[in-house]
There are 2 protein chains.
Amino acid sequence: MPEHDGKILLCRRAIEPRRGYWTIPAGFMENGETTQDAARRESIEEAMAEVEVGSLLAVVHVLHADQVHVMFRARLAYPEFGAGPESLEVMLCDEADIPWEDIAFRSVDFALRRYLEDRRRGVEQHHFTTIDFRKPPGG
Amino acid sequence: MPEHDGKILLCRRAIEPRRGYWTIPAGFMENGETTQDAARRESIEEAMAEVEVGSLLAVVHVLHADQVHVMFRARLAYPEFGAGPESLEVMLCDEADIPWEDIAFRSVDFALRRYLEDRRRGVEQHHFTTIDFRKPPGG
């Protein structure tokens with residue numbers, strides 16, 4: 001969740017799934033890196049942004065995808081960014097302008113909402129949740 | 001980190017790696033479960049113990065093994081436990097009796113120490129760390 005001057009860095013996805021929808025820089029970990037390393041690397045790759053990774057924000061179990069999404073607070077090291085090859089565009093977005101209807105993934109929506117709530121309250125907590133789109137047995 | 005009455009549940013490993021050394025119930029996640037589900041399942045499998053999973057304790061990046069260890073505080077639902085097939089023995093252990101020389105993994109040592117420190121201070125924080133036994137380039 002990279003932030004600068006109260007605004008949040010969002011990327012519009014240039015690739016499937018969810019091409020054209022907005023997300024925060026994120027992706028699969030590589031071997032030999034930490035979760036924070038991966039967050040830093042994805043911010044560079046997707047938003048051409050160097051970030052300082054902060055506290056743990058969210059852990060989202062995405063059961064239908066067999067994934068665990070780990071999100072951190074972060075700050076832009078300096079206010080420079082741009083669209084990497086996997087992004088159509090990148091913006092620093094005021095809370096009032098967040099395109100809630102066009103957020104790419106449920107886990108990003110969850111993390112954004114918890115981030116903003118915590119910021120309003122002046123706290124930095126972490127939040128667990130589970131998302132499960134698997135069909136019920138026989139369904 | 002299952003606890004009962006101030007004592008910590010430790011398992012002596014019946015399998016390699018580190019057979020004969022002490023650990024807390026832990027293991028690989030399965031598809032379709034959360035990190036907390038996995039902790040509960042491993043407590044049943046390795047220590048025949050039903051636990052209530054609590055707050056996040058530690059996230060350990062084990063770079064040489066390409067693993068992320070996620071540890072939680074937990075309480076025994078009731079004081080019953082025993083050695084599952086992957087354990088030689090299971091004990092509820094006072095802090096003073098922890099076999100520090102015979103702890104199976106560095107990540108478990110880390111989580112145990114943070115757990116005890118936090119407990120002394122009356123807090124429940126979470127702790128990130130990285131362990132890296134990879135050889136240096138050319139080493």
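Helices (H or I, at least four residues) and strands (E, at least two) are DSSP runs, numbered from the N terminus.

## Basis

This is a predicted model, in which local features need pLDDT of at least 70 and side-chain atom pairs count only at pLDDT 80 or more, while totals for chains, interfaces and linings use all residues. Residues are numbered from 1 along each chain as its sequence is written, chains are lettered from A in the order in which they are written, and side-chain values use heavy atoms, with hydrogens and water left out.

R18(B) lies in the loop between β2 and β3 of chain B. Its phi is near 70°, a positive value in a residue other than glycine. R18(B) is partly exposed, at 34% relative accessible area. Here buried means under 20% relative accessible area, exposed over 50%, and partly exposed in between (1.4 Å probe, protein chains only).

P17(B) is found in that loop too, between β2 (7-13) and β3 (22-23) of chain B. The peptide bond from E16(B) to P17(B) is cis, with omega near -5°. In chain A, a cis peptide bond joins E16(A) and P17(A), with omega about -5°. P17(A) lies in the loop between β2 and β3 (22-23) of chain A.

## A positive phi in chain A

D5(A) has phi near 60°, a positive value in a residue other than glycine. D5(A) sits in the loop between β1 (2-4) and β2 of chain A. Its relative accessibility is 67%, so D5(A) counts as exposed.

## Two copies

Chain B superposes on chain A by a rotation of 180° with 0.0 Å of shift along its axis (RMSD 0.0 Å). The two copies are thus related as by a two-fold rotation axis. In chain B, the C-alpha nearest the axis belongs to H126(B), 4.8 Å from it. The superposition is by least squares on the C-alpha atoms of residues with pLDDT of at least 70 in both copies.

Of the interface residues of chain B, 100% are also interface residues in chain A, so the copies meet through the same surface.

Contact means heavy atoms within 4.5 Å. L63(A) is found in the loop between β4 (51-62) and β5 (67-76) of chain A. L63(A) is buried, at 9% relative accessible area. Not counting residues up to four places away in sequence, L63(A) touches T130(A), I131(A), D132(A), R134(A), G32(B), E33(B) and T34(B). L63(A) and T130(A) are 67 residues apart in sequence and 7.1 Å apart in space, C-alpha to C-alpha.

H61(B) is in strand β4 (residues 51-62) of chain B. H61(B) is buried, with a relative accessible area of 1%. Leaving out residues up to four places away in sequence, its contacts include T34(A), T35(A), Q36(A), F128(B) and T130(B).

## Cysteines

A search of the whole structure finds zero disulfides over all chains. A disulfide is a pair of cysteine sulfur atoms within 2.5 Å. The sulfur of C93(A) is 11 Å from the closest cysteine sulfur, in C11(A), too far for a bond. C11(A) is buried at 1% relative accessibility, and C93(A) is buried at 2%.

## Cavity

A cavity is a set of points on a 1 Å grid over the protein atoms alone where a 1.4 Å probe fits but cannot get out; lining residues have an atom within 4 Å of a point. Grid points are joined across faces, edges and corners, and a volume is the space filled by probe spheres set on the points. The count is one cavity of 30 Å³ or more. About 40 Å³ of space lies in the largest cavity.

The lining consists of C11(A), R12(A), R13(A), I15(A), T23(A), E46(A), E86(A) and S87(A). Strand β2 (residues 7-13) of chain A gives the largest share, three residues. By class, the lining has two nonpolar, two polar and four charged residues. Ala, Val, Leu, Ile, Met, Phe, Trp, Tyr, Cys and Pro count as nonpolar, Asp, Glu, Lys and Arg as charged, and the others, Gly among them, as polar.

How values were computed: 1 Å grid on protein atoms, 1.4 Å probe; cavity = no way out; pocket = protein on both sides within 12 Å on 5 of 7 lines; lining within 4 Å.
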